[in-house]
Amino acid sequence: MAGPRVLAANVMWAVPRIGARSHHVTASATASLLRLGAQAGGGRLSLTRAPRHCLRVASYSSSAGGAASSPPPPSTPLNSSRPATIEVNGKTYTTDEWYNVPQTVLALTGRKLHLQKDHPVAITRQIIESKFSTATYKRYNEFDPVVSTVENFDSLGFPPDHVGRARSDTYYINETTLLRTHTSAHEAELFRASASDGYLISADVYRRDEVDRSHYPVFHQMEGARVWDRTKVPNGDVVAAIYADLARLPTHDVKVEDPNPPHHPERNPLQSEHHTPEEAEAVAAHLKRSLELMVVDIFTRAKQAAARQDPNYVDEPLRVRWVEAYFPFTSPSWELEVYYQGDWLEVLGCGVSKQELFINADQPQQLGWAFGIGLERIAMLLFQIPDIRLFWSKDERFLSQFTGVQDNLDKLKRFVPFSKYPACWKDVSFWLRSTSAAGGNTAVANVHDFHENDLMEVVREVAGDVVEDVQLKDQFTHPKTGRKSMCYRINYRSLEKTLTNEEANDFHERVRQGLVEKLGVELR
């Protein structure tokens, strides 16, 4: 059976993945962190022809591997400077040696695309919200992005050495304060408040990640939860109450594949110390119907938009399937996949909420479910938007295409590209510091003192949205000295104009110097 194609941009219903360029699994404890494209490929030493307006660049292009995410505490990049305080949305915070937020990211903390009228992210949020009754699900769309490590990690049961805590993955303001990596950072607070039987959170979240058309350091998630209180349901029969609520939900006629048992002692365990099998199965049934209804609506709208734009569009029956998964704060857990346009697509992550979350929130009598979904990845599919950078564009050629859609969702249509400017790629090769373990000095303690995300941050800080993607093309370890050399290809392509060779060269030279100054590499 073919595996699913992943969509775009990450969410921290995330668990570590061992592999080349990414260290998050698609779909996570607040939404399945969907990924769009495949990563860089292989080859041999070659002289590669660049586009006519660029320089020809000799490069190695071989199969790429990447450094695994490093555990805390991290080291501070060489020659780095930091402000004593920073301001985020009108609040001032003191920094310390953990500070690693570039100005380019700070500048985006007030944009809140999920609340911007007729923005594709806001339209997507509205579509999802429309499938959850306001009588049950309270909306939270304006939580501040700055949270504590307790809120972001500890309250959700993340172990002290979890990869998500590393400075290579997360933007820290100081040792105990950060830009949230997922909307689940607010989960414990809402469970403790118990202000409604359900909630929906939408918000901007922040991750240090690779540079390509489906990843961005800021993206938007929506998280939802539904709870039942054993002490408030009729006769204390929570199973009957859940099934009664399920019976009140609409139905759909889409084929659903769900071949696995409701729980499995090894693959997808029941929380047997807290839930009976009947309770977990009832919660799962309500969860799955609720999310199926949402996903059916999303993909029906996507198909309608395609048909409106393309008279030759060939419709096909929608298919949905449930796949067992693992997330830190749900069990049993699932990912929902949809068969659309010839591919299985991962759409979201979800599960029966870990009872420890309710216990720690002083609500031990409650139980329920939670899900998470990435808004950009769904918007990219709905509107056929090919590059995640476009969401942050202020170009009216982009924004005007969605005018009026929030007032009339029947106006939803696919994005029409207004230009495709030529790419200009350039390579940079360097030796890692000989004084580092990553560079070949095994006497030093931390083998992860070079992390690919640090390089990505240097590129973003210098060139911002002018860079379309960065790919590792080659790495080489000297057989005598043990020093490690790496070669990355940076693809410069503006969304707004054709770059001249001089402009690309200027960006590239500043990137090269930034790598030397901040990461201590030796250019080749």
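## Pairing of β16 and β19

In this predicted model, F430 has L523 of β19 as its bridge partner. Strand β16, which spans residues 424-431, is joined to β19 by two bridges, and the two strands run antiparallel.

## The four-stranded sheet

β16 and β19 belong to an open sheet of four strands, whose order is β17-β18-β16-β19 and whose pairing is antiparallel. The edge positions are taken by β17 (467-477) and β19 (522-523); each has a single partner strand, so one side of each is left without a neighbour in the sheet.

## Helices on the sheet

Helix α10, formed by residues 452-463, packs on the sheet and touches β16, β17 and β18 (484-492). The direction of α10 makes about 140 degrees with that of β17.

Helix α11, formed by residues 501-519, lies across β16, β18 and β19. Relative to β16, helix α11 runs at about 20 degrees.

## The second largest pocket

The second largest pocket has a volume of about 340 Å³. Its lining comprises 16 residues, and those nearest the pocket centre are K131, S133, Y137, L249 and P250. By class, the lining consists of six nonpolar, five polar and five charged residues.

Two helices, α5 (238-248) and α6 (277-309), each supply at least two residues of this lining. The most is given by α6, which contributes five residues.

Technical notes
Residues numbered from 1 in each chain as written. Predicted model: local features only at pLDDT ≥ 70, side-chain atom pairs only at ≥ 80, totals over all residues. Heavy atoms only, no water. 1 Å grid on protein atoms, 1.4 Å probe; cavity = no way out; pocket = protein on both sides within 12 Å on 5 of 7 lines; lining within 4 Å. Points joined across faces, edges and corners; volume = space filled by probe spheres on them. Nonpolar A, V, L, I, M, F, W, Y, C, P; charged D, E, K, R; others polar. Pairing = 2+ DSSP bridges. Contact = heavy atoms within 4.5 Å. Axes fitted to C-alpha atoms, helices over the stretch in contact; angles between N-to-C directions.
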